[in-house]
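The questions below go through a predicted model, one element at a time. Each answer ends on what was asked for.

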Amino acid sequence: MADPFAHARVLAAEQLSSGYTWAECPRWHDGALCFSDMYAHRVVRLDDDGTPHTVLDLSRRTSVNGTEVIPGGFGWLPDGRLIVTSMHERLVLAFDGEQVTVHADLRELASGPINDMVVDGDGRAYVTQLGFELFQGEEPRDSPLLVVEPAGTAHALTGLGGMSGANGIAITADGSRVLTAEAFANRITVLDRDKYGRLTGRRVFAETPSLPDGICLDDDGGVWAGMPGVAVARFADGGAITDVVPFDPAEALPPACVLGGADRRTLYICTGLDVMDWEESRRNRRGTIWQVPVQASGGANRP
């Protein structure tokens with residue numbers, strides 16, 4: 001089999017911070033990197049030197065359905081509140097700095113755990129879902145994207161068809177497109193977005209050589225995708241791989257990345273080793289954060 005990265009620029013990342021469970025869903029916000037330390041039930045903010053601070057601690061939350069409270073994708077509303085998916089409760093929670101409330105209940109819409117999320121400038125959240133109980137051994141099945149409107153009402157985008165394990169999701173700087181990683185189809189999908197937030201025109205942006213997880217966008221039209229068993233790579237429209245950040249799978253599996261830093265030309269990468277065994281992940285805390293300079297800026301792309 002041909003090496004899919006044979007013509008890609010190889011970039012070497014350096015470790016910035018360590019001691020996490022499964023690090024996921026990185027965001028650049030207010031001049032700092034934030035991410036979900038999933039099995040520690042918290043959202044973390046890092047100082048420039050990698051020192052962590054807990055932004056939101058969900059470890060004492062009582063679940064509405066008896067499942068463990070695991071934070072996934074998150075973003076901020078125009079009023080400054082943090083919203084975050086509680087994956088297995090199938091809720092979007094809101095945090096105003098003091099109190100956690102339910103922003104949207106997706107239990108009647110989601111056929112499995114909800115996953116990542118991106119929030120637009122109006123406070124509309126596009127939410128991905130696994131579509132099946134991955135952690136209980138169910139077989140994969142397609143499921144639609146979900147949308148939470150700014151007021152908290154929600155609906156499923158059934159007209160677009162089912163997504164195959166939609167995972168990372170992002171919005172271009174001009175708001176005209178939404179892209180998502182269909183993990184179990186090994187592809188990145190792009191949709192057109194109008195001024196009202198409606199999505200149409202589903203098509204393939206790139207086929208990926210391995211399962212794509214979290215994604216972020218740059219101003220040159222590239223999509224950076226974490227592929228946990230392989231590397232982080234940058235894809236151009238049509239599927240060409242221009243850059244790759246390799247990892248030793250015995251040391252770190254990279255599910256997600258985001259562009260940040262002063263000019264958003266630093267690629268921050270979340271990694272872990274124990275994703276399926278939550279207790280093992282908490283015991284070992286082998287999740288790490290890495291960084292590497294890149295050429296194209298993240299600009300105003302979301303997240």
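Q: Which residue of β16 stands opposite A166?
A: In this predicted model, β15 covers residues 166-171 and pairs with strand β16, residues 177-182, in the antiparallel sense over four bridges. A166 belongs to β15 (166-171). The residue opposite A166 in β16 is E182.

Q: In what order do the four strands of the open sheet that contains β15 stand?
A: The pairing in this open sheet is antiparallel. β15 (166-171) and β18 (199-207) stand at the edges, each with a single partner strand, so one side of each is left without a neighbour in the sheet. The twist averages 25° from one strand to the next. The order is β15-β16-β17-β18.

Q: Is T189 buried or exposed?
A: T189 is found in strand β17, which spans residues 187-193. Buried means under 20% relative accessible area. Because its relative accessibility is 1%, T189 counts as buried.

Q: Which residue has a side chain joined to that of T189 by a polar contact of 2.5 Å?
A: Leaving aside neighbours within four places in sequence, T189 is in contact with V178, L179, T180, E182, R202, R203 and F205. The polar contact of 2.5 Å runs from the side chain of T189 to that of E182.

Q: What is the phi of D30, and is D30 buried or exposed?
A: D30 lies in the loop between β3 and β4. Its phi is near 50°, a positive value in a residue other than glycine. Exposed means over 50% relative accessible area. At 64% relative accessibility, D30 therefore counts as exposed.

Q: Is R264 buried or exposed?
A: R264 is placed in the loop between β23 (253-260) and β24 (266-272). R264 has a positive phi of about 55° although it is not a glycine. Because its relative accessibility is 11%, R264 counts as buried.

Q: How many bridges join strand β1 to strand β22?
A: Strand β1 holds residues 9-10, strand β22 holds residues 241-246, and the two run parallel. R9 stands opposite D243 in β22. The number of bridges joining β1 to β22 is two.

Q: Which residue takes a positive phi near 105° in the hairpin of β21 and β22?
A: Strand β21, residues 231-235, and β22 pair in the antiparallel sense over five bridges. F235 stands opposite I241 in β22. The hairpin has five residues between the strands, and the one with a positive phi near 105° is G238.

Q: What is the omega of the peptide bond from R302 to P303?
A: P303 is placed in the segment after β25 (287-293). The peptide bond from R302 to P303 is cis, and its omega is near -5°.

Methods: Residues are numbered from 1 along each chain as its sequence is written. This is a predicted model: local features need pLDDT of at least 70, side-chain atom pairs count only at pLDDT 80 or more; totals for chains, interfaces and linings use all residues. Side-chain values use heavy atoms; hydrogens and water are left out. Two strands pair if DSSP finds at least two bridges between them. Axes are lines fitted to C-alpha atoms, for helices over the stretch in contact, and angles run from 0 to 180 degrees between N-to-C directions. Buried means under 20% relative accessible area, exposed over 50%, partly exposed in between (1.4 Å probe, protein chains only). A polar contact is a pair of N or O atoms within 3.5 Å; within protein, one must be able to donate a hydrogen and the other to accept it, and residues adjacent in sequence count only if both atoms are side-chain atoms. Contact means heavy atoms within 4.5 Å.
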